[in-house]
Each structure stands twice: as structure tokens, then as C-alpha cells.
Amino acid sequence: MGAESPPKEPSPKIVIVDESPIRAAILEEGLREAGFTGVVHISEMQSLLQRIYALDPDVILIDLENPSRDILEQMFQVSRAVRRPIAMFVDQSDAASIQASVDAGVSAYIVDGLKKERIKPILDLCISRFNAFAKLQDELDRAKSALEDRKVIDRAKGILMKLKGLTEEEAYVLLRSTAMREKKKIGEIAQSILTASELLK
Amino acid sequence: MSTPLHVGFIPLIDAAALIVAVDKGFARAEGLDVTLAREVSWSNVRDKLNIGLFDAAHLLAPVAIASSLGLGHVKVPIVASFNLGLNGNAITVSPALHAAILREIDGDRFDPMVTARALARVVAARRKSGAEPLTFGMTFPFSTHNYQLRFWMAAGGVDPDEDVRMVVLPPPYMVESLANKQVDAFCVGAPWNSIAVDLGIGHILHFVSDILLNAVEKVLAFRQGWSERNKEVVAALVRAAFRAAEFIEQHENRAEVARILAQPERIGVPADVIQRTLEGRLKISPDGTMHENKRYLLVGREGAARPDTAQAAWLYAQMVRWGQAPLSPAALDAAMAVFRPDLYDAALGPEAREPVSNVVGAFAGPAFEPRDIAGHLAAFEIGRWKG
């Protein structure tokens, strides 16, 4: 009782290298909520190494779709160009965490000597935010293509109604039964009707 | 029943044997159902091979060795059972550096010793005038491009760590970086040198085949443990790549090969650039000057596909020379053990045994002796390793 808690270590300085501003914002927000206050996002890949050296971070997070990852590998080298040696965060005893991070599409680089237990929560958070973003992106893509399909189907229905004197309901039934017979999506059948009507104009 | 395989590659022309093996059906004929995964960085290819997301990969030969020795990254033993390409790189310089080198040239402009000495004079003049050091782009710390640039400039008296800046750049960024003067020169594989010339922002100074007669470039790489458990699959993929390499090297197939490789999901550059590269006939200056070297890129020809342990030793010697690896007999053995001519022979049988002379054949220094790396390196003045 009354024992003083040990002085808190300062929050490590984290740099996020990601060309996707939305994903970077999601990750940054997560890190801040978890109490990591020193987070900087780099989205511009020009002079990447110089900018990283100027920021002098403890941890660098980079997405795997980024070709600039190879630039960071240079930081492992002992040379005049490299100020502080950096290591990739790989814990050889923890294959699952490497697998999870590659699956999520992110990689972490840390300054040599930074304690493993300080990095683990950052990487875990990063993996879960990257996965959340991928899911969001997937849902967005599906919603977008559903919307596109809707527009195409509506136009195809209009053409059928006009040409064959059908009601909207009948036009839809015709589209659907054709799609089922030809084992195609309704959107594809609708698109071919639009293409044909363009050609026959 | 066909065996599913995941194989990673970087969109470069020296992935040709792998891509043609899949797209032309040679892999299927061997009972393999190969999914090719196009990657954006060597780090990704290395990591995905290491953790088993890829069964095999198109890999920089020095990365296979570095991974086996645990240099710069986690140690995962890799084996290379097939050379996907010998040579194929070139050094491209900005118009300004090209003009500066030509002003200093004293001899044959295509002689790498002559250009390296001219570069040394350019570097000295820049230092005297207080100008920024020249910056050279290459693709990876453990890359043939890094060692080839260093070998060339050091022969002329330029210390790559003291006199210039060496920076890693992903191949797709090379051209842009040269255009906006972030780098003054780069060494990279095809098609990027030709693209810089076609855009009028670079001159090809040398084909690497003018610097080294035979330089192993990319290999077909497997995790060692996996290769031992899947010997038949390794052999089947080697056979498929061998057939593809034979197909590529037939002159009458070149147009079709270029079309296959030009697909957007494969290499995605114009077919005519690919065809010029395969034929070793490249435009080297924006004014249309051509330069030809039949050895520009070897895909299987002259026994080029058979791994040669002396080539692995040469790459290891470069790692030692530039301070990336310590010199030890055990590490040398481990490096040489990455290259597996025995796996190649086992897959192909007697038909593969054409006479092979893949000597490195560098333009400077003594002939390479794999078993005496200390003695070999002692012949070079510049280097981070002091014996």
C-alpha cells in the first residue's frame, strides 16, 4: 500500500508507412486509444529513408503492398548512411505472430534493443486493425458492385419493358430465368442486353 | 491428380522461365497446378517463402544465401535447384552523369575499367568543388545489383561506402527517381534500363555481361526442409522450368514469349521491350544508339540454368568484401550448399549434362578461386574486409 508505481516509460515513437490514408487513420486512431501518443504517418514514398531518419522512430509499421519495404531493409546494414540500426520484429519462438502479421499484410521494424514486450501490443493492435480494414474494404467493394448491378438491371428492365411490352415484374422474371438457364449472374445478362441495345441502335 | 503449388515472383524479365512454365503448360504436363503470385518487394518474397505461404519462389540469388546464413534476417535454409537467369542487369546513368563520364573518358567507352576510372575522376572533381556525392540506386542490400555496382566502381578506385551513396530502391521506382534526380545512376534488371532510355532520361552505360561474363541472377528457390520432403515436386518444377527455358531460347518463339510475359498480371510492360531484352539488343541512348551482347541475359542457354557452387561462393565473397558477412570456412560451405546442381541433375538426368563453363569471368582482379576467398579478396584494394 502506498508503494509508488515505477515511473512510466515514455511512449515509443511510431511511424506508419502506408499509402492508404484510410487504413493509416484507422491504425493511428487505434494506437492513440491504446495510449501510444507519438504516431506519425508517412504517405509519400519519396526520400522515405531521409524522412524516417529525421523522425528517428522506435517502431516502423509498413504495409506489405508497399514496394518501399525493400528500402527499409537497408536500415539493417551497418553503413555510413544508417544512423541507428533497425531490426525487423521477428520473434523466432513465435511463428504464429509472424504468420498473423504477414496474413494481415503488415510488417514491423524496431530499433535494436527495444523490449519485445513493449512491441507485442503494438503489433497485435496493428494486425487487428489491418484485418478490420481488409474486411471493411471487402464489404465496400461488394456494396459498390451490388449498386452497379442494380443500375444495370434497372436499365435492362426498362429496355425489355419497352421492346417487349412487359411489366417491370415480368421483365425482372425474364432476366432472372435467363440468368438461371445460362448459369450466369443477373447483372451479366442485364449487361449483355445493354451492350446489344447499344449495338442495335 | 495434380499437385497445387504457390510460387512467388517479382515482375522482371528474368522470371521468364517460371512464367512460361506455367502459362505455356509445361508445369501442368509435369502434374503441377501452379498459382503464380506477383509480389512487390523482395522482402515479401523472402518472408512468404520462409513462413511457407510460398512453396517456391523467383528469388535474388544473394537473398537465398543471406537467408541460409541468417544475415540481416531470420535464418531459414534455402536451396536453389535451378538458375532462372544469368546476367540480365545493366547500369544506367543520368544524362548529366553520362556527359561527365564521357568528358573524362580515356579509352574505349565500352571498357568497364575505362568508365570506372572516368567515374573516379568525376567523383574527385565533385569532392573538390564541394558538390554532393553521387547517389547510386540498387534493388536490395543482398542483391547482385549492389555487388555489381560496387565491383565496377571499386575497380576504378571509387569506394562505394566512402565516395558515393548507395541506396535501395524498388525496381518500379528506379526510373522515376532518375528522372527527378533522386539518384544519378542505378543498376537494375530488365526492363527498367530500357524504359529509362525510351523515356529519354537515362543512358545505359554498361550491360552487366560486359563486367562479369557469367553472373547468376535469380534462382528457383525452395525451403531446404520442404525440398527434402517433396523431392518429386521439386524435380517436376525444375523439369517444367527447363522445358520453358528451352522454349524461350528458340528464336522463333520469342514473339510468343514476349506476348506471354507482357500480360498485365505477369510483367506488364510492352512486348517489344521484352523481345529486345531476350535478344540482347538494346537501345542504350535516347538518340537511338544500339548496343548488342548475346550474353545480356541467358535463360537456360549454354547450361546457364544449372546451379554452380562456385557462383554461390563468389556472391558470398562479395558479402565478405563489403562487410555484410564474416569470413569463415563454415559460412562458405553453407553458402555453397545453397546451390544444388545435384537436384538439377536428378530432375533432368543425362540430358542436362551439356558442358558448362559458368566461370564468373570478372573484368578486374584475379580469376576467382572458391576455396581461397581470403587470397582472392586480398587482390582488391577497396573493401570493408581486412584479412
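Two strands count as paired here if DSSP finds at least two bridges between them. Helices (H or I, at least four residues) and strands (E, at least two) are DSSP runs, numbered from the N terminus. What you have is a predicted model, in which local features need pLDDT of at least 70, side-chain atom pairs count only at pLDDT 80 or more, and totals for chains, interfaces and linings use all residues. Residues are numbered from 1 along each chain as its sequence is written, with chains lettered from A and ligands numbered from 1 in the order in which they are written.

**Strand 8 of chain B**

Let's start with strand 8 and its partners. Strand 5 (residues 89-93) of chain B pairs with strand 8 of chain B in the antiparallel sense, over five bridges. On the parallel side of things, strand 6 (residues 135-138) of chain B is joined to strand 8 by two bridges.

| Residue | Stands opposite, in strand 8 of chain B |
|---|---|
| B:Thr92 | B:Phe186 |
| B:Phe136 | B:Ala185 |

A residue is called buried if 20 or more other C-beta atoms lie within 10 Å of its own, exposed if 12 or fewer, and partly exposed in between, with C-beta atoms placed from the backbone. By that count, five of the five residues of strand 8 (residues 185-189) of chain B are buried. In a regular strand, side chains alternate between the two faces of the sheet. Both faces of strand 8 of chain B are covered, with B:Ala185, B:Cys187 and B:Gly189 on one side and B:Phe186 and B:Val188 on the other.

**The open sheet**

Chain B also has an open sheet of six strands, ordered 2-1-3-10-4-13, with mixed pairing. Strand 2 (32-38) and strand 13 (297-298) of chain B are at the edges with a single partner strand each, so one side of each has no neighbour in the sheet. Strand 1 (residues 3-9) and strand 3 (residues 56-60) of chain B run parallel and share two bridges; B:Gly8 has B:Ala57 of strand 3 as its bridge partner.

Helix 3 (residues 42-50) of chain B lies across strand 1, strand 3 and strand 10 (216-223) of chain B, running at about 140 degrees to strand 3. For that angle, axes are lines fitted to C-alpha atoms, for helices over the stretch in contact, and angles run from 0 to 180 degrees between N-to-C directions.

**Cores and helix 12**

A nonpolar core is a set of buried Ala, Val, Leu, Ile, Met, Phe, Trp, Tyr and Cys residues joined through C-beta atoms within 7 Å. The largest one has 171 residues, and those with the most contacts inside it include B:Leu18 and B:Tyr316. Helix 11 (residues 231-249) of chain B gives the most to this core, with 11 residues. Apart from it lies another core of seven residues, including A:Ala156 and A:Ile193.

Contact means that C-beta atoms, placed from the backbone, lie within 7 Å. Beyond its neighbours within four places in sequence, B:Leu18 touches B:Val7, B:Phe9, B:His58, B:Leu84, B:Leu220 and B:Ala241.

In helix 12 (residues 254-262) of chain B, the buried residues are B:Val257, B:Ala258, B:Ile260 and B:Leu261. Down the axis of helix 12, they fall within an arc of 160 degrees (taken from the directions from the helix axis to the C-beta atoms), so they line one face of the helix. They pack against helix 1 (16-23), helix 11 and helix 13 (271-279) of chain B.

**Chain A and its contacts**

Chain A has seven helices and five strands, and 29% of its 201 residues are buried. Where does chain A meet chain B? 23 residues of chain A are in contact with 24 residues of chain B. Helix 3 (69-73) and helix 4 (95-104) of chain A each supply at least two residues of the touching side, and helix 3 of chain A gives the most, with four residues.

Note on methods:
Contact = placed C-beta atoms within 7 Å.
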